[in-house]
Amino acid sequence: KLLYFPYKLRDYTNNPKTVDNIIKQWHSIESVWNLMEMESNKLGIHYDTVGMFRNDVFFATPIYLGQKRHEAVTAGFGLYPVNDRMIYGPYHAVEIWATQRFRLFEEEISKIPRGHGMHSETFLDLVIFPAIRNTHTPITTNANICFFRVRADLSLWINDCLRARTPRGGTLRNPKWVAQQSKLVEKLTGLPCKIKMRSIQVTQLVCQNKTQSA
């Protein structure tokens with residue numbers, strides 16, 4: 001059996017390119033960190049608190065980096081078993097999250113259950129987060145954080161912020177919640193939004209004015 005490939009996880013076996021995307025993601029995260037360090041050294045600046053966030057998402061709630069300065073904080077949704085889409089906290093803790101993935105994956109692969117390999121959230125939960133905690137930095141989740149992934153067609157995947165996993169019903173079982181998120185996004189963008197069910201798992205929100213839709 002393959003050591004690195006998550007052959008026990010259907011999302012990966014159905015789309016083998018997912019592992020390629022994870023490798024690209026890890027390279028991107030580390031490259032962004034290295035760029036930040038290069039610029040901070042050039043300017044003579046040292047950061048006490050750092051946040052790493054995706055730029056292909058729509059932030060539905062504010063994020064305050066000044067809170068919980070001595071803790072590493074992740075979002076409270078997308079827990080598979082942890083959220084791998086963001087982190088903020090002390091410099092040294094976020095540095096591990098951003099730069100130690102390839103090294104620690106090779107060194108700690110035995111801690112990951114067979115068949116899970118490069119499953120990002122499992123790897124963070126079993127290897128990266130313990131490495132952060134070993135620096136005496138606690139890790140907490142912020143249940144107030146919500147952001148939606150934005151696709152190439154500018155639609156939002158509003159099921160991203162569901163707190164509970166609903167593998168069979170998806171957001172179809174949460175029409176009230178979907179309506180609330182739609183109203184929130186309309187308020188933030190000032191645009192009318194339409195709800196589209198892409199699949200049983202994914203609910204899309206398309207927000208555009210009349211000129212854009214023409």
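These questions and answers set values from a predicted model against the definitions behind them.

Residues are numbered from 1 along each chain as its sequence is written, and side-chain values use heavy atoms, with hydrogens and water left out. In this predicted model, local features need pLDDT of at least 70 and side-chain atom pairs count only at pLDDT 80 or more, while totals for chains, interfaces and linings use all residues.

Q: Why is I128 called buried?
A: Buried means under 20% relative accessible area, exposed means over 50%, and partly exposed is in between (1.4 Å probe, protein chains only). I128 has 0% relative accessibility, so I128 counts as buried.

Q: Where is I128 found, and what is I128 in contact with?
A: I128 is found in helix 5. Helices (H or I, at least four residues) and strands (E, at least two) are DSSP runs, numbered from the N terminus. Contact means heavy atoms within 4.5 Å. Neighbours within four places in sequence aside, I128 is in contact with I96, W97, Q100, R101, L104 and F123. I128 and E108 are 20 residues apart in sequence, with 9.7 Å from C-alpha to C-alpha.

Q: What makes a set of residues a nonpolar core?
A: The members are buried Ala, Val, Leu, Ile, Met, Phe, Trp, Tyr and Cys residues, joined through side-chain atoms within 4.5 Å. The largest such core here has 32 residues. M52, W97, F123, I128, F129 and I132 touch the most other members. Helix 2 (17-43), strand 1 (49-53), helix 3 (91-99), helix 4 (101-108) and helix 5 (120-133) each give two or more residues to this core. Helix 5 supplies the largest share, seven residues. Apart from this core lies another, of 22 residues, among them F77, M86, L205 and C207. In soluble globular proteins, nonpolar side chains tend to be buried together.

Q: Which residues does W97 touch, beyond those up to four places away in sequence?
A: W97 touches I29, M52, D84, M86, I87, L124, I128, F129 and I132.

Q: Why is V50 called buried?
A: V50 has 4% relative accessibility, so V50 counts as buried. V50 lies in strand 1. V50 and E95 are 45 residues apart in sequence and 8.6 Å apart in space, C-alpha to C-alpha.

Q: Why is F102 called partly exposed?
A: F102 has 29% relative accessibility, so F102 counts as partly exposed. F102 lies in helix 4. Leaving aside neighbours within four places in sequence, I23, W26, H27 and E30 are in contact with F102. F102 and H27 are 75 residues apart in sequence, yet 8.9 Å apart from C-alpha to C-alpha.

Q: Why is N159 called buried, and what does its side chain reach?
A: The relative accessible area of N159 is 14%, so N159 is buried. N159 sits in the loop between strand 7 (156-157) and helix 6 (175-189). Its side chain reaches the backbone nitrogen of T203 at 3.1 Å.

Q: Why are H136 and L154 called exposed?
A: H136 has a relative accessible area of 76%, so H136 is exposed. L154 has 58%, so L154 is exposed. H136 is in the loop between helix 5 and strand 5 (139-142). L154 lies in the loop between strand 6 (147-150) and strand 7.

Q: What is the phi value of H136, and what is that of L154?
A: Phi of H136 is near 65 degrees, a positive value in a residue other than glycine. Phi of L154 is near 70 degrees, again positive in a residue other than glycine.

Q: What kind of peptide bond joins Y80 and P81?
A: A cis peptide bond joins them, with omega about 5 degrees. P81 is found in the loop between strand 3 (72-75) and strand 4 (86-90).

Note on methods
A polar contact is a pair of N or O atoms within 3.5 Å; within protein, one must be able to donate a hydrogen and the other to accept it, and residues adjacent in sequence count only if both atoms are side-chain atoms.
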